[in-house]
Each structure stands twice: as C-alpha cells, then as structure tokens.
There are 6 protein chains.
Amino acid sequence: MRENKLRTLWSQNKPAINGWLAVPNGFSAEVMGHQGWDTLTIDMQHGLIDEGALLTMLQALQSTPAMPVVRAPWLDPAPLMKILDAGAQALICPMVNTREDAQRLVAYTHYAPRGGRSFGPVRAGLVHGADYATAANDNVVVFAMIETAQALDNLDAICSVEGLDAVYIGPSDLSLSLGCTPVFDDVDPPVAQAIDHILARAKAHDIKAGVHNGRTDVARARIAKGFDFVTISSDARILIAGSQQIVKEMKAS
Amino acid sequence: MRENKLRTLWSQNKPAINGWLAVPNGFSAEVMGHQGWDTLTIDMQHGLIDEGALLTMLQALQSTPAMPVVRAPWLDPAPLMKILDAGAQALICPMVNTREDAQRLVAYTHYAPRGGRSFGPVRAGLVHGADYATAANDNVVVFAMIETAQALDNLDAICSVEGLDAVYIGPSDLSLSLGCTPVFDDVDPPVAQAIDHILARAKAHDIKAGVHNGRTDVARARIAKGFDFVTISSDARILIAGSQQIVKEMKAS
Amino acid sequence: MRENKLRTLWSQNKPAINGWLAVPNGFSAEVMGHQGWDTLTIDMQHGLIDEGALLTMLQALQSTPAMPVVRAPWLDPAPLMKILDAGAQALICPMVNTREDAQRLVAYTHYAPRGGRSFGPVRAGLVHGADYATAANDNVVVFAMIETAQALDNLDAICSVEGLDAVYIGPSDLSLSLGCTPVFDDVDPPVAQAIDHILARAKAHDIKAGVHNGRTDVARARIAKGFDFVTISSDARILIAGSQQIVKEMKAS
Amino acid sequence: MRENKLRTLWSQNKPAINGWLAVPNGFSAEVMGHQGWDTLTIDMQHGLIDEGALLTMLQALQSTPAMPVVRAPWLDPAPLMKILDAGAQALICPMVNTREDAQRLVAYTHYAPRGGRSFGPVRAGLVHGADYATAANDNVVVFAMIETAQALDNLDAICSVEGLDAVYIGPSDLSLSLGCTPVFDDVDPPVAQAIDHILARAKAHDIKAGVHNGRTDVARARIAKGFDFVTISSDARILIAGSQQIVKEMKAS
Amino acid sequence: MRENKLRTLWSQNKPAINGWLAVPNGFSAEVMGHQGWDTLTIDMQHGLIDEGALLTMLQALQSTPAMPVVRAPWLDPAPLMKILDAGAQALICPMVNTREDAQRLVAYTHYAPRGGRSFGPVRAGLVHGADYATAANDNVVVFAMIETAQALDNLDAICSVEGLDAVYIGPSDLSLSLGCTPVFDDVDPPVAQAIDHILARAKAHDIKAGVHNGRTDVARARIAKGFDFVTISSDARILIAGSQQIVKEMKAS
Amino acid sequence: MRENKLRTLWSQNKPAINGWLAVPNGFSAEVMGHQGWDTLTIDMQHGLIDEGALLTMLQALQSTPAMPVVRAPWLDPAPLMKILDAGAQALICPMVNTREDAQRLVAYTHYAPRGGRSFGPVRAGLVHGADYATAANDNVVVFAMIETAQALDNLDAICSVEGLDAVYIGPSDLSLSLGCTPVFDDVDPPVAQAIDHILARAKAHDIKAGVHNGRTDVARARIAKGFDFVTISSDARILIAGSQQIVKEMKAS
C-alpha cells in the first residue's frame, strides 16, 4: 500500500505542515499541492466541499507531493466510509466528545476485527495497491477533534481508545465552548491552558496531536511545544490576504 | 441598464484595478469579489474555465462590488455572443491582429445597426434591466488584445475602428512575437518600447489602454504612464505565492 | 450582518410570500429571484438538490431581492450546519416530532452558549459581514416542520423550546399521518382542524407559523387566518402548469 | 433507427408544437418533456447551455414523448457534429445567410456522399439503433435560420440547397436586421411581410418552415398561414409569467 | 405506476440478472443500460456516486430496458427517502443487523400507515405516474443487506419484518465479519454455509434473496440454489478486465 | 519538462498501445489509466467530452502510468490551445486535408518562432515543470488525421510540413470518403490500400503513423507493418463487450 506521509514524517520525529482547502475545486487543490505542503486537508465540514468535489480534489492531489487529509462532515458512518473508499489515507473527525464517540470513530474507519468498516475500497484499492484490504487498518491515520468542554472532561477516556491515532484541536470551537472568543491564534487564557492540557494528555497516551492555526509564528510556537501536525491558513484565506495586499498597494498610489 | 463600472471609473479619470481568475470555480470568484478589486477578469482563453464555469462565476460575482470582465477564448462569434448573453458587460478578445479582426470583433459584440450580434440576452436581460436591447451597445466595453508583431504593424488601423473601446496588451505574447522572453513585468527593451507605443497610439485614437502585470510596482508605474486598466497577478498566482511564503516560514524553523 | 428579510417583514406585521425551488439549478433560481417573491425556499429534502447545487443556487439568489430559505434534508447536524455555513439565513427542518427534536434543532443551528453549532462560517462570514460570529444567533430564522400526529401530540412542548422561531406545516405529510389524502390545499377536515390548531398554539407561544399551499386563494385565506409565511406552488409546478396551458391552447386549434 | 417525430408529424400534415429550453438542467428538461410538447428545443446559442448540459438534457428527454431539437451555437463543424453524435435528430442552425452557408450546413450534418460529417456516433448509435450509419442522412432534420436582410436577399439560393429540410425564422433578429424593434409576436410591418415571404418561398421550394413565437394566439395564426413548426415561449419565460401571476395575486391581497 | 421489473420477473419465477455501477456518470450508465441486464444497481455506498450523479444516472437509465436499483449509503432516513423521491423503484440498504434496523428500513421507505416516509415524490411522481402516492408502497422493492455476524444472529427477526421484500448478501463484508478473507466468489466454508443459511431462511419467510458475485459461473450456481437476484461484476471491473485482456494480447506480440 | 512517453517509446523503436476514452468521467479514466495502456486518448471530437470533463480526466490520468493524448474537436485555434494549456502533451487533430491545414495545425500548437501559440500554460506549466515555455515546442507531439480522399490527394504536401510529428488514420471516415463501409478493422480493399499508402508516405517523410483499430489481431498486424501508435477499442466498447459476454453467459443458463 502507498506510504502514508504522516506516518513517515512522524517516524522521523518531524511535524507535518498542513494546508487547508475550502474551495470546492480540483484545480485550486492541484495548485496548492505543488507548493511544498506536506499534507492538505480537504474540509467537508465547514467548507463547501461535497462528495463530488472531494473526488476531483483527491484525484488532483494524487499526482502532487502533498498527501490529502479529509475532515469529515460529522461522526457518521456513511461519509467516513465513503471518504476512505475514495482514497483518503487520513481523516479528521469533528466533535468527538465521549469515549463512545471515539470508539465509534475507530469502528467506522477500520475493518474487522478492529472495527466494522464495510468492505468496498472502490478507488482506494485502485490507487493504493492490491494489498489494501490487509494494509489499510495500519496505514490510515484517524484524528479525533477535541473542541468542546465535554471532550475536555472526557479527554483521557477518548485518548486511550485503541486505534485512535491522534487528536486535532479546533481552537475556535473550543473557545466558544469555554465561553471565549472564537479565534485560532491569540486565544484567551482558558483556551491556551486547555490546548496545553490536550497536548500533554495526548503525549501521555502516546498519540499524536494537531492544531489549527492562522499565522506561521503561532504554528511554529506550537510545534516547539510538541505538536505533530499544524494547519496554517487556508486557500480562501490566502486569496483574501493576497488580494487585499495587492489592492492596498494599488489604491495607495 | 446596470452601470458599467469601467465607464464610470474612466469618466472619473480613474484607472481600474483588475484581478484575474484562472480557477474555474464560483466560490473562489466570490471570495475574490469581496476584496476590493474594481473588476475581475474571468479568463476563458488560457484559464481552465468553460461556459459552465463562466455562468457560475458570473452569478457569484453579481453580488460583489467587483464587475466581471471576460477574456474570450478566441475571436469567434459563438463564444463572444454567449459571453455577452450570459451577462458580461466587458470583454477582452485575444489576437486582434488586423483592422478586419477589429471590425469583426465590433460586429459580433454590438446589435444592428452597429454590428450583427444576434438577439437573445437570456441572462443579460434578466440581470441588467429591461432596457438591455437598446442600452447594451453603449454600455458594453470591448478590448482588443494587441499581442503580435502583426498587430503592431496594423495598430492605427485597429485603433481607429469605430466601436472599439480599448486595447489590452499581453506582454508575454507580445514578447514571444518579437523574439523576446515571455514575461509580464521586466520585459525586454523592444517590448517595453512596443508597450509605450501602443499606449500612445491608443490615446491618440481616444480609446483606453490596459495591460497585464505581475507585480504592483510595475502596475503602478504603468498607471503613471497613462494606462486605464491594469491587471495584477491572478487567483492561482496568489495561491502559489501565499503558500510558498507560509511553507518557507514553517520549514525555516 | 445582512438583514434577515423574514425578521424585517415580521417586524412590520407582514407575511412573507415564499416561492419553492425543486429544480437543482442556479439559473432557474436566479430567474425566480427577480419575480417579486419575498423569499425562495431551496428544497433539499424532497427536491433533487444536493450540496453542490445548493451552493450555486445560494450564490445566484444573493444578487436578487428574494432571500433564500433552505429546507434541510433531515434533522441531522452535518447538513444543518453546512447549510448555515453556506450562507442561508433561514432554514426549515422536516420531521420535528418531539421536544427533544426541537431542542436538537436549536442546538445544531446556534453557537454556544445557546447551542453547539460548530464554528466555521466559510461563505456566511464572507457574504453577511464581519460580525457574523456574534450576530448569527439572533439573525438566523429556524422553522420546525409539524407534519405528524406525534408532533401534534407534542405541539406545546415543541413550540415552547427557546430559540425556535417558527413552525412550518406540511399539509401533505400531516394528511398522511392522520390517515387522510396527501394534498396541500383542499385538505380533509381533520387536517384543516389540525392546521388551525397549530396556528393557534404557535401564536400562543409567540412564534411564527408557515404553511405550504398549492393555490393563491388558499394561501390568501391562510394569511387572513394569521399565517406569517406562505409558500405557493414551486418552479416545477409552474413549468407544468404553464406548459400544459400553452399546449392545451395550441392543440385546441 | 428511431422515428423522427418531426418527419412523422409532417407526413401527416400536422405542425409540430415546440417548447424551448434555456435552463441548463436535465430535470427541468424532463419536467417539460412530460407536458405534451411535440418537440423541445435545447438552445445552445442564446441559452446558457453548454455541451455538458446538452448531454444530460438529451438523456433526460430520451424517456419522454417530446423529441429534442438542438439549436446549435453557430454554423461551425465541431458543435454541429457533436450535437448529432450526442443523439439529436433535429437541429436548428443560426445565421444562415448565403447559399454557401446552407451548403456548409448540409455538408457538416450528413455523411458522405451527401456531405462530409465525420463518423463516430458515440451516443447516437447507442440510442437510435444499429442502422444509424446508413439511416441518419435521411432521418436527421436540419433547419437553417433566416434572420438577416442578407439571408432574405439570398432566400431562393438558400432554400434550393439539396439536403436542407427547413427554414426557421427568428423574428427578433430579423427585426433588428431590418431596422425594427426586436420582438417575437407583434412585429413591425416590414418584418411581417418578410415572414410571409419566407414562408411562401419555403413552400415553393418544398421545404418546411418554422417560426419563434411568444404567445399562443400568434403561433396559431402562423400555423393557419402554413407554418409547420411553431415555438411558443420557453422554460424561463414560463417561470417568469407563472411567478409574476402568483405574486400579483398574493400582493393584491 | 410504472411496472417494477423485479416484481414482474419474480412473479414469473425468474431471477434478475443485475449489473453494478460504480462509475459516477450518466453516459456509462446509459451504455450499460442497453446491454441486456435486467437491472443495474447504482452504488451510493462504496461507489463514488453522490446525489447529483444519482440523478443523471437515473435519468439516463430511464430510457433503457434495465431498471435501476440503488444501494443507499446507509440506513439513514434522508438518503433513503431522497433516493425514492428521485425515482428509484428498488433499493438495497447496507448493514441491516437487527430487527429494529429492518423495521426502520421499512418505515423510512413506505408511506403511512405502513411507515413514515415523508411525501414529496418530486421526480418519482413525474416519471412513474399520477397514482404514485397510492401505488408506491406496493411497487417499491426493498432489500436489507445481511453482511455481519450480528445480522446472522438476528436473521429470523429481520426476515420476518413485514414490508421487507428481500435480503441481499454482501459476501465480502460477511467474510470479514466472520473472520475470513473478503471475496465475492470463492468464499471460505463458514461464509458459504452462512450464505446457504440466509437463502434458506429468506425462503422460509417467503422473501427474496440476492447475492453479489464476481464471476458468472458462481452466479449461475447461486441461481441454481434458489437466489432471485444475482449481481455479476461491475462497470469498473469490466473496464479493468477488458483493458487487461487487450493489453496482454498486445504486449504478447 | 516531464518526459513525453510517446517520444520515449519511439526513441526505443517501440509502438505505443493506445486506449480510447469516450466516457466523460475522471474515475473511469483513472481506472483505465492503471491497466497497462501506454497512452489513453481523450476524445473531444466524437466522444461526449467537453472542456470541463477534459480537465478532470487529465488530472485523474496525471497519477497513472498512461500518458493522456487528446483528440481535439476540430482544427480551430481556441480548443487546440486550451487543450495544450490544460496539460496535454500529445494531440490528434481531425480532418487535416490540405497543406495549409497542416501548417495551421503546427502554428496553433507551437510557440513563436515555430508558430503562433498564445502563451499562458496555466496547468501545463504547473504540472510539467518550470521550463515549459522553452521545452514545450520540442516535447508536444502533434498528429494530423488523414481521413478523406482530399487528404490522400495532398498526402505528401501534408506529411512534409515541418513540425508535424505524425499522421493518424481514421479508417471509418476514410472508408466513407472513399465510398466504402465505415469500419475500423476489416476495411474494403481501396481503404486497405490507402492505409498502406499513408503508412509508406509517412515513413518516407520520417514522421510517425498511427491508426484506429477495433480488435487486437488487426492492431498487431498493423504494428507488424510498421505503425507506431495503435488504438484498440474504447472504454464504451469494453463496457459493451464485457456486459454482453456476462449477460450471454447468464441467460444461457
């Protein structure tokens, strides 16, 4: 089976630099795929990306150095299994709040006996190799999003679920859930504390930790703290920042 | 009929700051449409945008402050008329090399008696108002691209065609045609000279002049020389530059 | 944040005249958007509209006077949140049958502390303004569909859920559930009685009431009774009726 | 090969009642296909319909009683041949202004020895039967649009081209070309005269004549005069008229 | 209402020869539809087919002799109801493991009083006839997939649910669940035994039984045992086998 | 710039085994791309593939061993240039009948000074490398289709055009043009003679020759005669043959 770039980087103790795709388009994905990102996450939760767009984006990224990760719309069996069948080797699942949630996540994303994923890797088998059926369980990487007060309460119960590879922190939702302002970078103190706590507990349970960032300085600082997977900005945010910079320079004249 | 933003800006002696869209997608277009660009050109010639994508992009831009311009795939009547019927109020036509080319361009884009545009403004009539049939001829702005040695030879014959509103310079193609390296900004001297010449002749014929740029400093310098319409970068180039900047900052750590 | 047209009309004690979209297409939506409807509901439950079509329809309606409303496919968190993130300011949720259903509906569609909507308004933030995060909870309008005998039994428990803005009656499903023929207008007496009862209880709980109609005379009569939101016909039904009228007139000759 | 409904109707001396499709969508086409129209014309010239939409619309109409006709974007070999390969059994070609235009139209749409249509009926062979290669030349119906003063001047030269089945009149373009207001129905006297003249010359050359109409009374009057194919209204116009009628009735209250 | 081909075949004691569609495309579906298959199953679970593709495939198959069957993505009310509203007359639901699952499946797919399917057959009513509301409950065929050890344990409880028409065996998932290698044809003995057992219990409960096969010899043997519905291969597998055969013959030279 | 697989094979005196794609879909293209074909031709002339489908198919094939070739819709500058900008490294142009046709073909597909291709390799530059501008002229392979009696008459004038890489024979069209039955394999004697003649003249002018075949035995015989590029069957034909074989085996029982 095709190498999972996240597992390779992590085996080398290197963090993954992850870009984010909100534009539902194969060409913008392909452009992003050639710019040096280790991985690119296709966002099916908050982005505007549906199953049809997912397929064209996975196909476009297949020939680039950036390995696709997919954020699923929700902790539901149908989309989780279709995402994997479509060829994703890594996925991020939103709103994992309890141990049972984490167990369902593992069950939906692994074949028996580890789970109950239904068999039919229509595209995954085509692009990842003939050993997909036997290799997928150990190759696919699954992140559980920790983004609510409830998830914080159940943190050890979640992190200790066998088969879970990593947690992923959404600072905005975590902020909202803790009564703070929803931002990625300059989070309020309770959120900063929670982020540190999640990182520490993930490490204690020997799983990886990822986090969403807006700016590179924040992402670098979080890597320095021990994060294994950092997202910076997104395609839409890059378009906004780049355009505003150009327009500002032009209108200044 | 809805105001043509280019005519308004030009009546105020202001140049238009134009962005460029190569990604065939309505959402990336909509994102760009809210960032301060005066106009955004949907590129059907070199971009990956076909008629279906054009429609969704025109619809997405309709609610933003940026007025869409469309670069047609070629000097052919079918696409030129469909682009206008779909609602574009400005278009750029590539490879106008002779007076006859310019006359055909005007004929395809204006109703009788000025031209022979076929009547059926299916979306244009819907979104621009009930007076479209009578107002379109004076509202629509048409640019002829000057990008070959042959066009340079015929420059006055082209610029003097009645009904042509503006010329648009593609420095890359012009460079290739003059035996120089295809770039937007730091053009070889013969190309620089040609650009100045085209600008001067356009002004002499009392039509507007536009030009494609990569960087803001170049665009600003060209405005200072008298250009009325300057393109800077593109959605794809902004994604590339923004991503590379982030990745560089992250990999430096 | 952009005004919610329903709240404006209701603050003026005016009912909203709502059209209905079953055709999964941005252009037919845009055509409908210019004909005087106050709102147009994009039907993701029984229509043939998926997420991709939803996006193009929302974009097309953005520049028309008609505010889009979306009927969600089901009371599930993933589609409800994606619909709002895509920019809908009003949604109708089918099959709200218990107080717990209504509470989940409110929770999925409002940010903490009122609910648990996940944060990431990718398009909503772009088109509705920078204050979306703080303004959305009070701006978005949520309808619960009352369309089963069970919902009738739980009517007060549903209507009294804080954060629910309105109920919406589907006379067809309500008829089926009460053992009657599924029609919109000339409903059987038990259904007529139930409709009156729902309207009365909604008013008693100080929330709004909407209802699906086939004909204008019925819709007008229901407005006279106090309904705040009336749907009449649909794009597909208008195509059918208009075509049949023309064909009948032609074949009569 | 599958029967051509136009040839059948005409062999019975019956006119065809033709609807018009401007919405680029398979479902709206399918809805229209079940309402009694003899034929439905998919407009690739002024509509917003490209090749991808054409295919889904042809497929949707295949199971309805209405036979699809396609108006080509222009007198170009590529689209004319693709339209036929996609399965259309009738097509209308805009802007046929000279005898040479008409000869090219016949050449592009018929196999040797009658013309030079390239062989490869990918979908047409699938859906119309194994004898497509030998039967297509006599089955397909080709209309030339007569819509300019130039075409009027060349009318007999056009109508006498062997292999041309019919002319189709676009009253709007004909009006513009004759210096009159572009309308379908209540045309100015010179246009009315031209329409009668075209009909008479078509009959004299033993070919069929079709015409675009807005209202049924006009279409009926034109049938009475001898027209063999009458278009009335369009999907978009039906949506507009139907919506405005409903809104008017509702706002009157 | 349009005849259900499965019910017709079964009333004649004939098995249905079923093809399988994994390619999300209307044209490949249409090609398959003309090759003699009794039915063709559009796979929304493991295939790459979403709602948008489903619609174009259903439309394409509508004019072919092959009746479409749809495998739903999961036992969820939203997709099950949309599939039926889109016009499917038969559906296969994955992962029916308990009597309650089977009851929910029947409830979601039948109108009251048999179930709680919501009323709004937007395309189904259009293409299947005006009596859809009253005829659908007896016309639609529903298969429950038996593919886990848990389902085997609950087999009689599942098969005896009133309104369930048939079971469908997925040998791959059944194999995985029983700790065997996931294959379609040459299954391990425990799986072979389970398949025989399921067939026997289905017959005992007077419902139909279907099964997925790779090769025709296996499918024929299973028909001989009593299966009523056999799938053989898929569009993607046919492309693979056919291509490999050609390439092998060519590379041998 | 990325290697052109055709040039590599030909430099090793090996013929290319070419598959053919008529289904407008990225996933079927990707499936075909993994089966051992040297190249796969995306047919934009007779297939149902438009620009939007082309892009997704090129992206899907990018990660497979099969290099895409594109058959253009016609000898027109707009599609030829867009196909190359989209990333195709080889193209087949239909209906090249005169020396001037061949010269136009070379001009449209090569940058100055060899031709007049407009510069803007939006996707080609992204996927083929930074040296695209200077390397493309020598990397891209261009085939002219010889498929009419007129082309036979002008054969040497065509084959001697500098910059033309190869001819491609369409036996069906050639047959029609010579008054014979349109088939690929068992052509009538005049066509067989013409095919041999074209091959001989191509070799005499030191350019390559390709031909369309239905069966492998014919393709192998033509390779033995000296052909450098042989197409066998197509995706649609494989689906038809494979399905009919299965159905025949099943119905035999």
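These are my notebook entries on a predicted model with several chains.

**Entry 1: chain A by itself**

I began with the secondary structure of chain A and found 13 helices and eight strands. Next I looked up the overall dimensions. Along the principal axes, the C-alpha atoms of chain A fill a box of roughly 65 × 40 × 30 Å. The radius of gyration of chain A is 18 Å, and a compact globule of 253 residues would come near 18 Å, so the two agree.

I then checked burial and contacts. In chain A, 64% of the 253 residues count as buried. I also looked at contacts in chain A with a separation of 6 or more, and 61% of them join residues 24 or more positions apart.

**Entry 2: one helix of chain C**

I picked helix α5 of chain C, residues 99–109, and asked which of its residues are buried. They are C:Asp101, C:Ala102, C:Arg104, C:Leu105, C:Val106, C:Tyr108 and C:Thr109. I noted for myself that an α-helix has 3.6 residues a turn, so residues three or four places apart point the same way.

What lies over the buried residues of α5(C)? The cover includes two helices of chain C, α4 (77–85) and α9 (155–159). It also includes the strands β4 (90–93) and β5 (141–146) of chain C.

**Entry 3: chains A and B**

I moved on to the pair A and B, where 33 residues of chain B are in contact with 33 residues of chain A. I listed the elements of chain B that each supply at least two residues to this side: β1 (16–21), α2 (26–33), α12 (216–225) and α13. Which of them gives the most? It is α13(B), with 13 residues. By class, I recorded 19 nonpolar, 11 polar and three charged residues on the side of chain B that touches chain A.

Helix α13 of chain A (residues 235–251) packs against helix α13 of chain B (residues 235–252), with axes 9 Å apart and an angle of about 100°. That angle makes α13(A) roughly perpendicular to α13(B). The contact between these two helices has six nonpolar, four polar and two charged residues.

I wrote down the residues that meet there. From α13(A) come A:Asp235, A:Ile238, A:Leu239, A:Ala241, A:Gly242 and A:Ser243. From α13(B) come B:Asp235, B:Ile238, B:Leu239, B:Ala241, B:Gly242 and B:Ser243.

Two copies of a chain are related by a rotation about an axis and a shift along it. For this pair I found that a rotation of 180° with 0.0 Å of shift along its axis superposes chain B on chain A, at an RMSD of 0.0 Å. I recorded this as the relation of a two-fold axis. The same surface serves both copies, since 100% of the contact residues of chain B recur in chain A.

**Entry 4: chains E and F**

I looked up a further pair and found 33 residues of chain F in contact with 33 residues of chain E. On the side of chain F that touches chain E, β1 (16–21), α2 (26–33), α12 (216–225) and α13 (235–252) each supply at least two residues. The largest share, 13 residues, comes from α13(F). The residues on this side of chain F divide into 19 nonpolar, 11 polar and three charged.

**Entry 5: pairs without contact**

I finished with two pairs that do not touch. Chain A and chain D have their nearest C-alpha atoms 16 Å apart and do not touch. Chain C and chain F do not touch, and their nearest C-alpha atoms are 16 Å apart.

Notes: Residues numbered from 1 in each chain as written. Chains lettered and ligands numbered in written order. Predicted model: local features only at pLDDT ≥ 70, side-chain atom pairs only at ≥ 80, totals over all residues. Helix = DSSP H or I, 4+ residues; strand = E, 2+ residues; numbered from the N terminus. Rg over C-alpha atoms; globule rule 2.2 N^0.38 Å. Buried ≥ 20, exposed ≤ 12 C-beta atoms within 10 Å, placed from the backbone. Contact = placed C-beta atoms within 7 Å. Axes fitted to C-alpha atoms, helices over the stretch in contact; angles between N-to-C directions. Parallel < 35°, antiparallel > 145°, perpendicular 65-115°, else oblique. Nonpolar A, V, L, I, M, F, W, Y, C, P; charged D, E, K, R; others polar. Least-squares fit on C-alpha atoms with pLDDT ≥ 70 in both.
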